[in-house]
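The sequence and model are shown first.

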Amino acid sequence: MMKTKKPERLDTRKALSLLKKADILDLGQSADEMRRSLHPEGIVTFIVDRNINYTNVCVNQCTFCAFWRSKDAPDAYILDTKTLFSKIEETLTLGGTQILLQGGLHPDLDLDYYIKLLQSIKQRFDINIHGFSPPEICYIADSADITIREALGILHGAGLDSIPGGGAEILADRVREILSPKKIKSSRWLEVMEAAHRLGMKTTATMMFGSVEAPEDIVTHLAAIRDLQDRTGGFTAFIPWSFQPGNTEIGTKTKGQGTRGKGQNKKRATVSSAATAVEYLRVLALSRLYLDNIPNIQASWVTQGLKLAQVALRFGANDFGSTMIEENVVASTGVSYRVTKEDIINGIKSAGFKPAQRDTAYNILRTF
Amino acid sequence: MLKRIETKVLSGGRLTPGDALKLFESDDLFTLGRLADTVARRKNGKKAYFIRNRHINPTNLCVNRCKFCAFSRSKGQDGAFELTIREIIEKLGGRQKGRSKTDLHDISEVHIVGGLHPDWPFEYYQEMIATIRKHFPKLHIKAFTAVEIDYLSKISGLDLYSTLMALKADGLGSMPGGGAEIFAPDIRNRLCPEKISGDRWLEVMEIAHKAGIRTNATMLYGHVEGYRDRIDHLMKLRKLQDKTGGFQAFIPLAYHPRNTEMLGGYTSGLDDLKTIAISRLVLDNFDHIKAYWIMLGEKISQLALRFGADDIDGTIIEEKITHSAGGLTGGQMTAEDLANLIRKAGRLPVERDSFYKSLKVYA
C-alpha cells in the first residue's frame, strides 16, 4: 500500500492569506476535511461542568471585560465556602465531572487562600479542578514572591488538575496594550502554559478575536500556540471565541453602567459590533487548519448560539465545550444563550454527529 | 454524489423531486452551498438586499388555533390586543424609544399581518389601508397573507378577486407570503386543521397575481414534516410561479418550538442552510430567496447569503409573532447593522424597495 502523504504544514504567510482572502466555503470545506481525518468516527464531545467564579474583584480591569469589579464596588464578592460546596454538589448531581474555577485577581487573596480552597474541595469531592488561567497563576506567584514553576507545583500538589486557556486574548503585545494593559504579556502566558505542561498538567488555549486586532495578530497568536505545542504537546484543545462588546469599556454599543467602582480605565479604543458569523467561521476554520498538532477545536455556543455552533461542526470544530451549568463572564456582556445538556445532545445529533460526554482529558465517558 | 445534479443545474436544467430529495439527504454541505451560491450570483450578481421596513400586527385575536402558533389569543384572554387605526398611524409616524425620528420616517414599507379577528368588518381593513395611504402616501403597504384574504372575502361576501381589487384600490401594494406552512394535507391537518388548505392558499395567490398584486411565498419547516413534504411544497410553488410569475421572494421559515402546542426543538443551523440552498436550486423561476433574520437568527441569515439567499429582510423595528414562540434574536436592526452583515458575507449591500428596485448601494 502506498503511504498517504501527510498534508503540508501551513506557514504563517499562507495562513494570513487564507484568513484574509479565502472563500469562506473553500476554507470551511478544507477545515471540515481535516476535522474528518482527525476524528473519523463522527463523534462530537462535550463536558458537563460548571463555571465557578470565586471572586469578581480584579486589579486588571481589562477594557473588553464586563465581569470585573473593584474592591469597593457594591456588588464585589468573594464566594463563601458554603456556597462553593453546594455549587459543586449540584454539579456532581447533574453528572458533572469538572469545575472551571476562575476569578479576578483579588489583591487580598494570598497563596494560602488558594491552597486551602483547592484542598478543601479535594477533601470533599471527587471532581476535576480545571482552574486559574495564566494571569491568575502569575498573580498568585508574584504575590507570594515565588516563581511560576513553584506556584504551579504548589497548586498542583494542593489539587489543581488542569489549567484553562483563558487570558490569552490575543498573544500579540501590541493588541494587549489596548485590551488589557495590566494583564500579563504574551511571553508570560506562554511561560505558564509551558511550565504547566512540563509538570504534566494538561491545558487548553483560547483566543479572543474580533476586537482591535489585525489579521496578522491572529496568525501570530496561532503560531505561538503551535510552536509551544510542538515542544510540549500539553494543549488538549483550542477555543477561539469572539469578543462580545456589551457592557464593556471597549465596546460602544452598551456603555458600562457605572457600578464597577474606582479605577475604570479611561483609554478610548472602541469596537462597535461583535464579529459576524462569517468572521467567526473563518477564524475557526483557519485554526483547525493551522493547529495541526492540537487534537480538538471547540465550538463556542456560549458566544455564538447553538445554531452557529452546529454549523461550526462543519467548519473544523469537533467539541462542543461545556454544558456550563453556570456561566457568569460572558453573561455579564448581555449575551446569554441558555442551553441545557439535552439541548446540546440534541443539537449535536441534529447536526449529524454522535454526541459523547467526555472528561477533561477528552476520554469518552458516555455516548448518547 | 451530487455531480449529476451539479451538471444539470449549471447547464440550466430543472431539478426533479428525486433530485431535491438527493440534495436533502446529502451530507455534502459545501458542494450544495457552492452550487446555490453560483445560482444566486447568476440571478443577482454580488448584490444582497435589505429593506427599511416596519412590522405592524393589528391584532392577535384569531378565530384559528394553529398548533405551532404562540401569538394568537381569544377575546378577553390575557395578552390579547387590538390596535385602533389611530394607534397604527402613531406606530408608523411616532417616535420609538431609542430610535431617531428620521430612522422611522425613512421606512419604505410597512408589513401588516394579524390574526383573523372575530368581529372586525371588512370595512375596518379597508379603512386601515386607506388611512395609512392618506397619511403616508409614499409608504408601500404590504399586507395580509392569503389566509387573511380568504377570511376577508368571507366576511365581505365578495369573491377573492373583488376583495383583492377593493383592497388594492384602497392602497394595498403587495402581499406577504405567510400562511403557506406546509401544503401536504396530512401534515397541514396536524399543524393547523382550521386554516385554509394548501390548494386554497395557492388559489388565493393565483388570483392575487391575476389582480396584479405581487406576493411572496413561505414554507414553515422543522416541525413534523419530512423532506418529501418540503419538496412537494416547493414543487407546487414552482408550478404556480410558472403559470403567473407573480411571486417575488421565497422565504423558508424555521419552526420555533416555545409556547406552542407542539413538541420538537429548534431546527439545526445546518438544516436551515441546506433548506435555503435547496430552495434556491429548486425554485429556478423565483428571483429571490430570503433568509429572514428574525426567524433564522442574524448569524445563520448572514451565512445563508453564501448558501443561495440574496435577501435578509429588513429593519423590522417591532416583531411579535416569532418572539411569542421563543425567537432567538432581538426585534430590530439598523440599516447599517444589516449592511455590515451583508458586507462581511462578501456581498454588496443594497437597500431595496418593495419590488427589489435598488434605492441605495452601501459601499
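## Residue classes and the second largest cavity

Ala, Val, Leu, Ile, Met, Phe, Trp, Tyr, Cys and Pro count here as nonpolar, Asp, Glu, Lys and Arg as charged, and the others, Gly among them, as polar. On that basis, the lining of the second largest cavity comprises 19 nonpolar, 15 polar and eight charged residues. The structure is a predicted model, and every value below is computed from it.

The model holds five cavities of 30 Å³ or more. Two or more lining residues are given by each of helix 7 (146-156), strand 6 (214-221), strand 7 (247-254) and helix 14 (321-324) of chain B. Strand 6 of chain B provides the largest share, three residues.

## Backbone with positive phi

Most residues other than glycine have a negative phi. Glu181(B), by contrast, has a positive phi, near 50 degrees.

Ile316(B) is found in the loop between strand 9 (311-314) and helix 14 of chain B. With a relative accessible area of 0%, Ile316(B) is buried.

## Aromatic pairs and a cluster

A pair of aromatic rings is described by the distance of the centres and the angle of the planes. Over all chains, the structure holds 22 aromatic pairs. In one of them, the ring centres of Trp120(B) and Tyr125(B) are 5.9 Å apart; the planes stand at 70 degrees, over the limit of 60, so the pair is edge-to-face. Trp120(B) and Tyr125(B) are both buried.

A further pair, Phe183(B) and Trp201(B), is tilted, with 5.4 Å between the centres and 45 degrees between the planes. This pair links distant parts of the chain: Phe183(B) is in the loop between strand 5 (174-175) and helix 9 (185-191) of chain B, and Trp201(B), 18 residues apart from it, is in helix 10 (residues 198-210) of chain B. Phe183(B) has a relative accessible area of 3% and is buried; Trp201(B), at 0%, is buried as well. Phe183(B) and Trp201(B) form one aromatic cluster with Phe247(B), Phe250(B) and Phe286(B).

## Charges over rings in chain A

The charged end of Arg226(A) sits over the ring of Tyr290(A), at 3.7 Å from the ring centre. In another such arrangement, the charged end of Arg358(A) is placed over the ring of Tyr362(A), 3.8 Å from its centre.

## Helix packing and buried polar side chains

In helix 2 (residues 17-25) of chain B, the residues Asp19(B), Ala20(B), Leu21(B), Leu23(B) and Phe24(B) are buried. The buried residues of this helix pack against helix 1 (3-10), helix 3 (29-44), helix 11 (227-244) and helix 12 (269-282) of chain B.

Gln241(B) is part of helix 11 of chain B. Its relative accessibility of 5% places Gln241(B) among the buried residues. Beyond its neighbours within four places in sequence, Gln241(B) is in contact with Gly246(B), Phe247(B), Asn285(B) and Phe286(B); of these, Phe247(B) and Phe286(B) belong to the aromatic cluster. Gln241(B) and Ala304(B) are 63 residues apart in sequence, and their C-alpha atoms are 23 Å apart in space.

In chain A, Thr91(A) lies in helix 3 (residues 81-93) and is buried, with a relative accessible area of 0%. Leaving out residues up to four places away in sequence, Thr91(A) touches Asp49(A), Arg50(A), Gly96(A), Gln98(A), Ile99(A), Ile127(A) and Ile325(A).

## An exposed lysine

Lys357(B) is located in the loop between strand 10 (348-352) and strand 11 (358-361) of chain B. Is Lys357(B) buried or exposed? Its relative accessibility is 53%, over the 50% limit, so Lys357(B) counts as exposed.

Not counting residues up to four places away in sequence, Lys357(B) touches Glu351(B) and Arg352(B). Between the C-alpha atoms of Lys357(B) and Tyr49(B), which are 308 residues apart along the chain, the separation is 9.7 Å.

Conventions: Residues are numbered from 1 along each chain as its sequence is written. Chains are lettered from A and ligands numbered from 1 in the order in which they are written. This is a predicted model: local features need pLDDT of at least 70, side-chain atom pairs count only at pLDDT 80 or more; totals for chains, interfaces and linings use all residues. Side-chain values use heavy atoms; hydrogens and water are left out. On a 1 Å grid over the protein atoms alone, a cavity is a set of points where a 1.4 Å probe fits but cannot get out, and a pocket is an open set with protein on both sides within 12 Å along at least five of seven lines; lining residues have an atom within 4 Å of a point. Grid points are joined across faces, edges and corners, and a volume is the space filled by probe spheres set on the points. Helices (H or I, at least four residues) and strands (E, at least two) are DSSP runs, numbered from the N terminus. Rings of Phe, Tyr and Trp (its six-membered ring) pair if their centres lie within 6.5 Å; planes under 30 degrees apart count as stacked, over 60 as edge-to-face and the rest as tilted. Buried means under 20% relative accessible area, exposed over 50%, partly exposed in between (1.4 Å probe, protein chains only). A charge sits over a ring if NZ of Lys or CZ of Arg is within 6 Å of the ring centre and within 35 degrees of the ring normal. Contact means heavy atoms within 4.5 Å.
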